[in-house]
2 protein chains.
Amino acid sequence: MNQQQFSSSHIPELDRFWAVVPAGGVGTRLWPLSRAAAPKFLHDLTGSGQTLIRATYDRLHPIAGDKVMVVTGEAHRDAVCDQLSAVAQDNVILEPEPKDSGAAIGLAAALLYERDPEAIMGSFAADQVIGPDDVFRASVVEAIATAATHKIVTIGIKPTYPSTGFGYIRQGEKLMIDGAPSAYKVDKFVEKPAAEVAQRYVESGKHFWNAGMFVAPVKLLLQHLQANEPELYDGVTAIAKATEAGQAEQAMAEIWPGLPKIAIDYAVAEPAAEAGDVAVIPGDFIWDDVGDFAAIARLNPAADESGVTVIGETPRVYADDANGVVVTDTSRVIALIGVEDIVVVDTPDALLVTTTEHAQSVKHAVESIKAHGDDDVL
Amino acid sequence: MNQQQFSSSHIPELDRFWAVVPAGGVGTRLWPLSRAAAPKFLHDLTGSGQTLIRATYDRLHPIAGDKVMVVTGEAHRDAVCDQLSAVAQDNVILEPEPKDSGAAIGLAAALLYERDPEAIMGSFAADQVIGPDDVFRASVVEAIATAATHKIVTIGIKPTYPSTGFGYIRQGEKLMIDGAPSAYKVDKFVEKPAAEVAQRYVESGKHFWNAGMFVAPVKLLLQHLQANEPELYDGVTAIAKATEAGQAEQAMAEIWPGLPKIAIDYAVAEPAAEAGDVAVIPGDFIWDDVGDFAAIARLNPAADESGVTVIGETPRVYADDANGVVVTDTSRVIALIGVEDIVVVDTPDALLVTTTEHAQSVKHAVESIKAHGDDDVL
């Protein structure tokens, strides 16, 4: 499947499509593998041989062609350009400092609006695992067709268990849109629920995980941003106009640091849903945000009968009566004896030993390490 | 307590005493801390600030003065001399290759016999933890007095639990020796017992752990060696005579590699016991052969309420809901989350993760690593 196939289909809106890839989060729960200098999206966490950001690009390229824009931190410029050498310099947007998704996606929308006021953008995080790719792309194509009817469209994930770690999207009435047979209105976005509530959501069949995937006409997205976060709207619009005038660097340096920090969900999606402007395409693909090392264990079944999943370029791991996951970016010999559901993450300057059950607590440990002043390994 | 005190006491045999310290074993169960290039005796495993070999020397020096002989591998010459700078070069015997305790102790006996046929030697491994030192020395002094009556004397350890990991010494009739009120004949040496047998041994009050500590007139020791292992006897005697003639290096190179590999227990102690020539002094001191990481956890109570014992020069360990032992000779940050009785041994090129319960299995892992050709970390 390539862009030509899509372009020659009956959906002319594809020509308006831009894929935007925010590549920002550090992934604290994946410390010490993922950290400020080497965030989650620069790692291969599935043993595929590809970094997550490269896999994201490859997944979108058949739809978006060379219309891919990446928003990342200045510190990651070289690494991102290495990974995505086909992306033009103009399409790599560098944040002087992290400002949450509202500013990152808002700026991308404003920049695209300057280039093409009729652009439809789709925002897809650089650090998620998705598959099969063609099922994902079919959802994106439906989302684009839906967005073209003046909607902000989220691709929801059919929940596979009653997670209390994700927000949910409640499906409303069915929409009748050409080229988008599975589009529904969004009734509302709901926050991370308690366990019993999550159970009811799953049983209802009408709630989807909010994976932060949005497809929207940039004009409509900016309208809602202006209405809800005028200061943020003014800032990103000013940067976008300065960029068109060849003043990008100066404008970023002057305006970006003062922008409000707010998630795109609060700045745009939730108020737009209240206004009846949001639709959902239920995604029927595998999705994982690789939130912790338990996810890595889940996504990488053990290669041998010993039951230890090993991720690393030059692993030398010996397991005796042990199971769990080892992630290593050293060439040290690692011996595991008599440990169950163990998680060992081995990096040159930091080592984590925990269990899959305690994988969520890694964030807390990182806070302790920071509090003790050992920032050199964060 | 110093040599002067002992020498001025009523035990003239002290003047004949030489302490021999075999410093050989790698301590495979303490891998990857202990290994060929940095064996157990060169580590501080008790947090005392001293290596085990230095502590052994300091423990013996008040009795032996400068009559301390060390037998070690050629590879460890510099490290041993660094640790024991007061030991004369003539008293550091270098093995071209490991040949078990029969050759090491046999050669020491032969060398001492050339210097003083009336010498009494005591052999004390370089990698055991013992205390209090003065209680230990009192046992050694009794052993010397007993040895002077033409006995090979072993210092037995009163068992604190029914270990199946040690051989036992069965006490025979009481001996009446001036200066050795607690000396007994040895009935026999018994191999590592099954659990039920070990339990009976402990209850009997007449069985002691064989800690491999022997005190004997070199003449008597060599007589038994000649009778039981004539080839070994001839070899070490030839090397000793060549050494006296200034031909040590050549003789070692020619003769040593051909010597039989046999433990001193089989070459001398057991047949001597059958001949009625062996006595035991029951030692009433704390003794630990630091056989595995469970021993290290036992010997080093956790310093803080988190329950993690940390051994290392520059440890940076964070524990959250964890207990066990961390041994590190790197300055990496180590985070432990939600793991119990964990053993983490962190070295620049190898990492071990196990539990105190599985500490004995480390030896097996080392064999696997060797079989896979990763000898660089052994």
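Modeller: Six strands make up an open sheet of mixed pairing, in the order S12(A)-S14(A)-S16(A)-S17(A)-S15(B)-S13(B). Strands are DSSP runs of E with at least two residues, helices are runs of H or I with at least four, and both are numbered from the N terminus. Two strands count as paired if DSSP finds at least two bridges between them. This is a predicted model, in which local features need pLDDT of at least 70 and side-chain atom pairs count only at pLDDT 80 or more, while totals for chains, interfaces and linings use all residues. Residues are numbered from 1 along each chain as its sequence is written, chains are lettered from A and ligands numbered from 1 in the order in which they are written, and side-chain values use heavy atoms, with hydrogens and water left out.

Colleague: Which strands stand at the edges of that sheet?

Modeller: Strand S12 (308–312) of chain A and S13 of chain B each have a single partner strand, so one side of each is left without a neighbour in the sheet. From one strand to the next, the twist averages 10°. Axes here are lines fitted to C-alpha atoms, for helices over the stretch in contact, and angles run from 0 to 180 degrees between N-to-C directions.

Colleague: In what sense do S13(B) and S15(B) pair, and over how many bridges?

Modeller: S13(B) and S15(B) are paired in the parallel sense over five bridges. Ala319(B) has Leu336(B) as its bridge partner in S15(B). Helix H12 (residues 362–371) of chain A lies across strand S17 (350–355) of chain A together with S13 and S15 of chain B, at about 140° to S15(B).

Colleague: What is the order of the strands in the other open sheet?

Modeller: That open sheet of six strands runs S13(A)-S15(A)-S17(B)-S16(B)-S14(B)-S12(B), with mixed pairing. Its edge strands, S13 (316–320) of chain A and S12 (308–312) of chain B, each pair on one side only. Where the chains meet, four bridges join strand S15 (residues 333–337) of chain A to S17(B), and these two strands run parallel. One of the partners there is Leu352(B), which is bridged to Ala335(A). Within chain B, strand S14 (residues 324–328) and S16(B) pair in the parallel sense over five bridges. Val326(B) has Val344(B) as its bridge partner in S16(B). H12(B) packs on the sheet and touches S13 and S15 of chain A together with S17 of chain B, its direction making about 140° with that of S15(A).

Colleague: How is the size of an interface often given?

Modeller: The usual figure is often the accessible area lost when the parts come together. Buried area is that loss, taken with a 1.4 Å probe and summed over both parts. Chain B and chain A bury about 2,800 Å² between them, 60% of it on carbon and sulfur atoms. In chain B, Tyr318(B), Arg332(B) and Ile337(B) lose the most area to chain A, together 25% of what that side buries. The contact (heavy atoms within 4.5 Å) takes 36 residues from chain B and 36 residues from chain A.

Colleague: How many salt bridges does the rule find across the interface?

Modeller: A salt bridge is a side-chain nitrogen of Lys or Arg within 4 Å of a carboxyl oxygen of Asp or Glu. Across the interface of chain B and chain A, the rule finds six salt bridges. Arg332(B) forms one with Asp346(A), with the closest N and O atoms 3.0 Å apart.

Notes:
Buried area is the accessible area (1.4 Å probe) that two parts lose on being put together, summed over both.
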